[in-house]
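I opened the model to note its fold, its overall dimensions and the pairing of its strands. My entries follow in the order in which I looked things up.

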Amino acid sequence: MADELDLERVICPLHELADPGAKGFTLGPGDWPLRGFVVRHGATVRAFVNHCPHAGFPLNWQPDAFLAPNLPLIRCAMHGAMFVIETGECVSGPCAGLGLRALPLRVEGGYVLLDERVTLADSSVICQY
């Protein structure tokens with residue numbers, strides 16, 4: 001089944017994404033690829049641009065470290081903002097009321113894939129839907 005997938009858009013095999021868990025990814029060519037992360041909690045699998053709405057920094061300071069310890073929330077390592085996994089809404093910290101930029105994805109054939117509506121380019125111009 002994997003040979004039928006658009007391999008350029010594969011983020012990871014679903015079984016490599018812990019529950020709960022998160023994994024960063026970089027997709028696209030050149031100097032300005034799309035940098036994002038995928039997060040799983042129960043049946044929920046979501047993807048977001050790796051960019052805090054408060055100060056523009058990446059959310060993680062170590063590879064794949066996007067989740068708050070012992071909480072089902074995404075955490076910005078820079079300033080401690082907390083985001084809801086299902087929606088990306090900031091519920092605590094300096095960007096309360098703002099949210100992460102969601103990326104549409106799908107799970108197909110046991111793989112997590114970025115949707116075709118997303119341009120694999122700089123995160124400031126990625127969504128064309």
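This is a predicted model: local features need pLDDT of at least 70, side-chain atom pairs count only at pLDDT 80 or more; totals for chains, interfaces and linings use all residues.

Residues are numbered from 1 along each chain as its sequence is written, and side-chain values use heavy atoms, with hydrogens and water left out.

I then turned to pairing, where two strands pair if DSSP finds at least two bridges between them. I found an open sheet of 4 strands with antiparallel pairing, in the order E2-E3-E4-E8. Strand E2 (21-27) and strand E8 (102-103) stand at its edges, and each has a single partner strand, so one side of each lacks a neighbour in the sheet. Within this sheet I followed E3 (residues 34-41) and E4 (residues 44-49), which run antiparallel and are joined by 6 bridges; Gly-36 stands opposite Val-49 in E4.

For the overall dimensions, I noted that the C-alpha trace spans about 45 × 30 × 25 Å along its principal axes. The radius of gyration of the protein chain is 14 Å, which agrees with the value near 14 Å for a compact globule of 129 residues; it is taken over C-alpha atoms, and the globule rule is 2.2 Å times the number of residues to the power 0.38.

Note on methods:
Helices (H or I, at least four residues) and strands (E, at least two) are DSSP runs, numbered from the N terminus.
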